[in-house]
Amino acid sequence: MSVPVIAIDGPSASGKGTVAKRVAQALGFHYLESGALYRLVALASLRTGLAPDDAAGLARLAETLDVRFSGDSVVLDGEDVSLALYDERCGERASRVAQHPAVRSALLARQRGFRRPPGLVADGRDMGSVVFPDAALKVFLTASADERARRRYNQLKQKGIHANLRALSRDLAARDARDTARAVAPLKRAADARALECSSLPVDAVVETVLNWWRAGQRGASG
Ligand code: C5P
């Protein structure tokens, strides 16, 4: 039997990372934050001065990234880049880098490599539509633009990164527009994904809903 996957997709700062991590913890599953891979390619390209339209160069970078995920830390070429990765400049560059089909396919095998027993919870934009189309449960999380900007602002503040709410809100909107409009793997709810609007839901309730869907699916599969 193949290793089960729960795919959690949605726009920037919809809360998918927090929810996915908590669901993975509750089930003892592995966790993949696919956005971190795009951010890593972005960071490496910023550092090496690679242009955001150099698709071949970026794809090579994506293939050869020397990265290690250890607990909450992300280590690139032996350096802990956990903080730099969540800088908004890096997020903005990530959404440009992610437009190139060659970069996306270079990251495909790396993402699928996270699928190990007993299971995987993966979050991103195309987990259910492209990377794990056979996921046992697909969830599409949304939240209002204001709520998402507020969440990202608090997230950054918690990490000690200075941010401006108005600028953040504008950047998120631009990033979502680019992610939704791109030709390859656009941000879009998969036909078989369950939608969950979580602007006014506490994170515990969102986690519980996803876990209930998962348990109900398991009962359905074994019954
Ligand atoms: O999820 P996060 O905001 O960290 O992702 C950064 C960028 O990486 C997104 O704006 C998106 O363009 C890209 N991304 C993607 N596909 C994924 C995850 C992230 O295109 N599965």
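Select Ala 185, in the loop between α8 (165-181) and β8. Helices (H or I, at least four residues) and strands (E, at least two) are DSSP runs, numbered from the N terminus. Ala 185 is not a glycine, yet has a positive phi of about 45 degrees. Its relative accessibility is 12%, so Ala 185 counts as buried; buried means under 20% relative accessible area, exposed over 50%, partly exposed in between (1.4 Å probe, protein chains only).

The model is predicted: local features need pLDDT of at least 70, side-chain atom pairs count only at pLDDT 80 or more, and totals for chains, interfaces and linings use all residues. Residues are numbered from 1 along each chain as its sequence is written, and side-chain values use heavy atoms, with hydrogens and water left out.

Stay in the loop between α8 and β8 and pick Asp 192. The side chain of Asp 192 makes a polar contact of 3.0 Å with the side chain of Lys 138. A polar contact is a pair of N or O atoms within 3.5 Å; within protein, one must be able to donate a hydrogen and the other to accept it, and residues adjacent in sequence count only if both atoms are side-chain atoms.

**The five-stranded sheet**

Next, colour the strands of the open sheet with the order β2-β6-β1-β7-β8, 5 strands with parallel pairing. Two strands pair if DSSP finds at least two bridges between them. Which strands stand at the edges? They are β2 (30-33) and β8 (194-197); each has a single partner strand, so one side of each is left without a neighbour in the sheet. From one strand to the next, the twist averages 20 degrees.

Zoom in on β1 (residues 5-9) and β7 (residues 137-142), which run parallel and are joined by 4 bridges. Ile 8 is found opposite Val 139 in β7.

Contact means heavy atoms within 4.5 Å. Axes are lines fitted to C-alpha atoms, for helices over the stretch in contact, and angles run from 0 to 180 degrees between N-to-C directions.

Most residues other than glycine have a negative phi, and most peptide bonds are trans. Select Ala 13, in the loop between β1 and α1 (16-27). Ala 13 has a positive phi of about 60 degrees although it is not a glycine, and at 7% relative accessibility Ala 13 counts as buried.

Then go to Pro 118, in the loop between α5 (101-112) and β6. The peptide bond from Pro 117 to Pro 118 is cis, with omega near 5 degrees.

**Helix α5**

Select α5, a helix of 12 residues. From first C-alpha to last, α5 reaches 17 Å, close to the 16 Å expected at 1.5 Å a residue; the expected span is 1.5 Å times one less than the number of residues. Show the side chains of its buried residues: Val 103, Arg 104, Ala 106, Leu 107 and Gln 111. Seen down the axis of α5, these fall within an arc of 160 degrees, so they line one face of the helix. The arc is that of the directions from the helix axis to the C-beta atoms. Among the elements covering the buried residues of α5 are β2, α2, α3 (55-64), α4 (88-97) and α6 (127-131).

The last stop starts at the open sheet of 3 strands, with the order β3-β4-β5 and antiparallel pairing. Strands β3 and β5 stand at the edges, each with a single partner strand, so one side of each has no neighbour in the sheet.

Strands β3 (residues 67-70) and β4 (residues 73-76) pair over 4 bridges. Arg 68 stands opposite Val 75 in β4, while the bridge partner of Ser 70 is Ser 73. The two strands form a hairpin with 2 residues between them, and Gly 71 in the turn has a positive phi of about 60 degrees.

Finish on Ser 82, in the loop between β5 (79-80) and α4. Is Ser 82 buried or exposed? It is buried, with a relative accessible area of 16%. The side chain of Ser 82 reaches the backbone nitrogen of Val 74 at 3.1 Å, and a polar contact of 2.4 Å joins the side chains of Ser 82 and Asp 80. Neighbours within four places in sequence aside, Ser 82 is in contact with Asp 72, Ser 73 and Val 74.
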